[in-house]
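Trainee: I am new to this structure and would be grateful for a close look at one part of it. Could you please take me through the salt bridges?

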Amino acid sequence: MNVATRNFGAPIRRNEDPRLLCGQALFVDDVELPGMLYAAFLRSNVAHARIRSIDVAAARARDGVVAVYTAEDLGAYWAPGPLLVPPPPIEGITFNQRTQVPLAKHKVRHVGEPLAVVLAQSRYLAEDALNDIAVELDPLPAVVDLEKALTGDARVHDDVRGNIAARVRQSRGDYAAARSRAKHVIARRFLYDHGASQPIETRGIVANWDARANQLTIWDTTQAPVFLRNGLAGMLGLSERQVRVIAPFVGGGFGPKIMLFYPEEVVIPWAARRHNRPIKWIEDRLEHFFATTHERGQTHDAEIALDADGRILGVKDVFLHDTGAYNPYGLTVPINSQCTLLGPYVIPSYDSTFTAVFTTKPIVTPYRGAGRQHGVFVIERLMDVAAHELKIDRVEIRRRNLIPPDAFPYNNEIIYQDFAPLAYDSGNYEPILDKALKMIGYETFIAEEQKKLRAQGRHVGVGVACYVEGTGIGPYEGAKVQVQANGKVSVATGIGTQGQGHFTSFAQIVADQLGVDVPDIDVVTGDTDQFYWGAGTFASRGAVVAGNAVNEAAKAVRQKILKLAAEHFECAEEDLEIGNGEVSVVGVPGQAIKLGALALKANPMRGAVKPGTEPGLESTQYFGPPSGATASGVHAMIVEVDPQTFTLDVLKYVVVHDCGTVINPLILAGQIHGGVAQGVGNAFYEQLVFDDDGQLLNASLADYLLPTALEVPHMDIAHTVTVSPLNPLGIKGAGEAGAIPVGPLFAQAIEDALGLRDRNVELNEIPLSPGRLFELTVKLR
């Protein structure tokens, strides 16, 4: 019997929105408990120094202060954090593991690294007490510039020569041979600078130790509650059953909240257990600039070899990656850059080497896109340069190099972040490109509109950028689906939610399998007592991995429903249908039983139960994909630039995306809108500026510019579908697609609007703020 799909694929409004809009959703800072203490951290105000002394006596004597701790007070509990993601199995890899510590001991390695923590009756008192702590530091030279870091005398970690965190080379084919027979070889340097995620809710944690219950409960803004529980249980010498982690509603994750274990997450539970009192720490906005991980920060020297017709023969890329002061997240970001550079193109030969460099800046870990932006920027800008030099239309040169649809699955051979060879499972790129060109009106704009507008003195340009997005990586996720006695259905999964619409999309999957309405399905995420196992919400994998686990569990429950109902009606399962919250016999009016009544029958109070029978209408299932599913897309835009102020107005923005089967187009559109908004900020507004001493010069939202609703353009969105063969639902991820290609899109469109290429000016760096555009074009004035 086929399952009707009246919910799956429908633009259903989100289940969770009434709670969020009416102020009924629980966030970490909403947690208030009797006897709660409040924490504040003293942070280093220099980037690199040896610690001579930390005197906390005056702070401990302040009224309202309960305790002050430094690294020495932690005793044997003090230890560097674990390596979250080990390096992939790549031959010849160099990797120097250095992970963050709970509180700095002997040395500080970036501005904002915590030195001490104060616990007080209020956050105000705790903050005041920070001023009572006397710290003596011997400053050391900061390590800021990536190239100087490799050759200078200053070492972030005394035992790591050249500040080399890692070095990785991957290749396919023979680039040297490809270069030797190429008609054109084009080389450029590309820069991609630091940025920060700036979620509406910063990080936070509440920890409560209940000595009588021998139980530690933690509310945390984490994207990985299960890993946080397991890690803290090990650190504290507790069993995993003694630690409950709840990731409630989270106001934006974007990647930095997948990072474990932040110093605050290590110190606060330890202190809560020591004092047998709940303790809260909420990151303030200033702290977020230093205490939460950053992203971006790469320098690429790349070249592309092409034949006379503009077909790619090979690409070589050598780049430096700023990993910050520590590298707990391994090589995920630079590996993503290395792999995503290949894009949707046939590149027979590829040679890529990166060096990850320790600097005296905050740690770099994934932030929406997680290194993919860098790779896409490099290959798309190389394509733009090639188009100009070979006098080929920018769209045509891309079209000539697209992977054909009959080439899938397409093996790129190099190793991806999931430790498997980078293989594109499915795709059909040319229809995506054609649809985007049609929606933006590319041919008409080039042939007519642009000339007309330029005749009016307006500086308008068009941009087109292609990309692929590796999504839905393993290892696995699980879900439990249960029909309750009242006919409602509950769903629990181990991933957390930070606004992705899980409460709705997962309910849509279950609704069609079990024949119930979406509002009658209660979804619980991010509570380790409700679901024990899981990896987390990251890498555009929630819908792909957890969604398929939900589907498998719902299918198993459906089979239990049909089997029990067939016994009840004494008929064949094929004669039954499920819908409207009940099971009925096809063609026999009045022969129906509610799912709630059937759930009661599945859990009888009396009578014999057959051996092997499972009580209840419930199932727990897991799903792990063999490799990641590859989404793809094209962004296009028309932009107008003021040549005097370099302010920018996006006149039209188009996104065409292929993420396989779509669960909910309304939620998908929201994901793309959010991604583009962050991509716009990344491309044109946001830059963390460090001076030579490692001081961040713009650590406020007055100076670190975020795009507002006025700067984020209206978007026209369309989809094509190539079903992924790697999971039963055929879906691919979409969480980062909006952000990935925006940088090269802006660079291309601005160049076109100002006619820069004809004036020998190229935009090969990100971000491109109005001020930076003025500097780059000043020689034209």
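**Salt bridges in the model**

Mentor: Please bear in mind that this is a predicted model. Side chains of opposite charge can pair when their charged atoms come close. The structure holds 50 salt bridges, and a few of them are described here.

One of them joins Glu287 to Arg43, with the closest N and O atoms 2.9 Å apart. Glu287 belongs to helix H8 (residues 285–291) and Arg43 to strand S1 (residues 37–43), so this pair ties together parts that are 244 residues apart in sequence. Glu287 and Arg43 are both buried.

A second example links Arg123 with Asp284; here the closest N and O atoms are 3.9 Å apart. Because Arg123 lies in helix H3 (residues 123–130) and Asp284 in the loop between strand S13 (279–282) and H8, the pair ties together parts that are 161 residues apart in sequence. Asp284 is partly exposed, its relative accessible area being 32%.

The next pair is formed by Glu295 and Arg296, whose closest N and O atoms are 2.9 Å apart. Glu295 is buried, with a relative accessible area of 0%. Arg296 is likewise buried, with a relative accessible area of 1%.

Definitions and conventions: Residues are numbered from 1 along each chain as its sequence is written. This is a predicted model: local features need pLDDT of at least 70, side-chain atom pairs count only at pLDDT 80 or more; totals for chains, interfaces and linings use all residues. Side-chain values use heavy atoms; hydrogens and water are left out. A salt bridge is a side-chain nitrogen of Lys or Arg within 4 Å of a carboxyl oxygen of Asp or Glu. Helices (H or I, at least four residues) and strands (E, at least two) are DSSP runs, numbered from the N terminus. Buried means under 20% relative accessible area, exposed over 50%, partly exposed in between (1.4 Å probe, protein chains only).
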